[in-house]
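Dear colleague,

I am handing over the structure below, together with some notes on what was found in it. Please read the notes with the structure open beside them.

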Amino acid sequence: MKLKKLLSILLVFLLALVTGCSDSSSDSTVKEPEKASKEKPTDLILATTTSTQDSGLLDVLIPEFEKNNNYNVKTIAVGTGQALEMGTRGEADVLLVHAPAAEEELVKSGDAINRQKVMYNDFIVVGPAEDPAEIKGLSVPEALAKITESKASFVSRGDDSGTHKKELELWKKSSLDPKSLGDAYIESGQGMGATLKIASEKKGYTLTDRATYLAQKKNMPDTEILVEGDESLLNIYHVMQVNDGKHEKVNADGAKAFVEFMIAGETKNIIKEFGMDEYGEALFFLFE
Amino acid sequence: MELLLEGLKKAIEMILSGNREIIEITLLTLRVSITAVLISTLIGIPAGMFLGLARFPGRKFIHAVVNIGMGLPPVVAGLWITLFLWRSGPLGDLAWLYTPTAIIMAQILVSLPIVTALTSTAFQQINPKLILQVKALGATKLQLYWILMKEVKLAILAAIIAGFGRVIAEVGAAMMVGGNISGETRILTTSIVMEVSKGNFDVALALSFILMTLAFIITFTLTYLQQRKRSQ
């Protein structure tokens, strides 16, 4: 008899689960016609870099955009390299990225249009507080030279992201080859958060954007900002539409609305204020 | 150690306070995993039964393919599904990429071979004399299948448990095809990855406790059922 009881309990459990599942799906079908009467929001795919998501900026901006525009933004936070690739394939509608040189190529090839400057923050070189290579306060080329000389560890994103592209550019400008570091040059192949963590565990140096560093600081008490303020360390974000003339499935209206939203005055105020509450300093700055 | 306790505390806090986002993420995780396992079971058991009982040319080859499928890395499944669902891909017009449906597809792809292969193995182990005997007693084909199915029910449940384990733990493919979109495709595993990259280890730990509790409750229920049947 026990078995029967157990089976019936299980049956109820299963039914509840299945109806639970179908409930949620029927929910959406019920909701959809409702929304349709108020024009169902169309999907808008935003390909962006992890730094805008991990800093929390998008959590503030996207709801604001959706409130006033009838679009459902699907934020895909990947490295800038992948975001740009999604643009060239027409898999995204709008891009928010930070690799100016690579972006210009996209505009030149006709894959992206309406490219607008949005904001900037800066890259910084962080490393262990004891600073074995003694780079604190130096300029970027001097600091990189010291790191190479002392064979200190340097952790690179190695993932074709905006930060990675910037890092390679800095090595090149300083006429140095990071490969000369040998095993001390570590390619993490991961996002900024994970890379910072690796650098802190291995007592290595790394290039990071300030926003991600500030967000992670609480987990890495022994890591400090060592090089900052250099003009070459500017980190500029652009927003751009994927060209619907070249990729027919692109949501052009939504992309245009998003670009306009990103450069609107009210949005600028949000960006300017962002981070003040939590970190006591702004994470992103505007061009004025 | 301190972090662990903090995470546990945070998990209880988040559940008790009825944090809407957490509840949504948890429900979506359940919906996606259970749908995927149900579909895998519905296809995998008949397929495994056929593969285990039928004799046809090329059977060994299909067995090998299914066995390889058991070890299919989820990231590979994710990549293939992404390529198929891309706007420029063959199924692009469906606009399924970055929806829960895409995650379910990826999870079926990794759990179906497990359910099929384990079921097929179970049927292969049935003594052929039993089949002969049941046939001799005048059972119809359907009756025969039903009897054989009852014979291997323990193994079938084990197959479902294994498939579920694979699905609920899946993160790489879900990230790739789902995109971890807040309120739409964010499930427990992908939000854990995101919280870690944000540096919120306490939240990540809290989510991990919720995930483990879910996995434990469901696996325990299935195991209990399996073992009770046995003692009867």
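**Chain B**

Among the contacts in chain B (heavy atoms within 4.5 Å) that link residues at least 6 apart in sequence, 74% join residues at least 24 apart. Before going further, please keep in mind that this is a predicted model, in which local features need pLDDT of at least 70 and side-chain atom pairs count only at pLDDT 80 or more, while totals for chains, interfaces and linings use all residues. Residues are numbered from 1 along each chain as its sequence is written, chains are lettered from A and ligands numbered from 1 in the order in which they are written, and side-chain values use heavy atoms, with hydrogens and water left out.

Chain B has 11 helices and zero strands, where helices (H or I, at least four residues) and strands (E, at least two) are DSSP runs numbered from the N terminus. Its C-alpha atoms fill a box of roughly 65 × 50 × 25 Å along the principal axes, and of its 232 residues 48% count as buried, a word that stands for under 20% relative accessible area, with exposed meaning over 50% and partly exposed in between (1.4 Å probe, protein chains only).

**Where chain A meets chain B**

The contact takes 33 residues from chain A and 30 residues from chain B. Across this interface the rule finds four salt bridges, each being a side-chain nitrogen of Lys or Arg within 4 Å of a carboxyl oxygen of Asp or Glu. One of them joins B:Lys198 to A:Asp59, with the closest N and O atoms 3.6 Å apart. On the side of chain A that touches chain B, at least two residues each come from helix 1 (2–37), helix 2, strand 2 (71–77), helix 8 (192–202) and helix 9 (210–216) of chain A. Helix 1 of chain A gives the most to that side, with 10 residues.

**A:Ser55**

A:Ser55 is found in the loop between helix 2 (50–54) and helix 3 (57–68) of chain A. Is A:Ser55 buried or exposed? A:Ser55 is buried, because its relative accessible area is 7%. A polar atom of the side chain of A:Ser55 lies 2.9 Å from the backbone oxygen of A:Ser51. Once neighbours within four places in sequence are left aside, A:Ser55 is in contact with A:Ala211, A:Phe274, A:Leu283 and A:Phe284.

With best wishes

Key
Polar contact = N/O pair within 3.5 Å; in protein donor to acceptor, adjacent residues only side chain to side chain.
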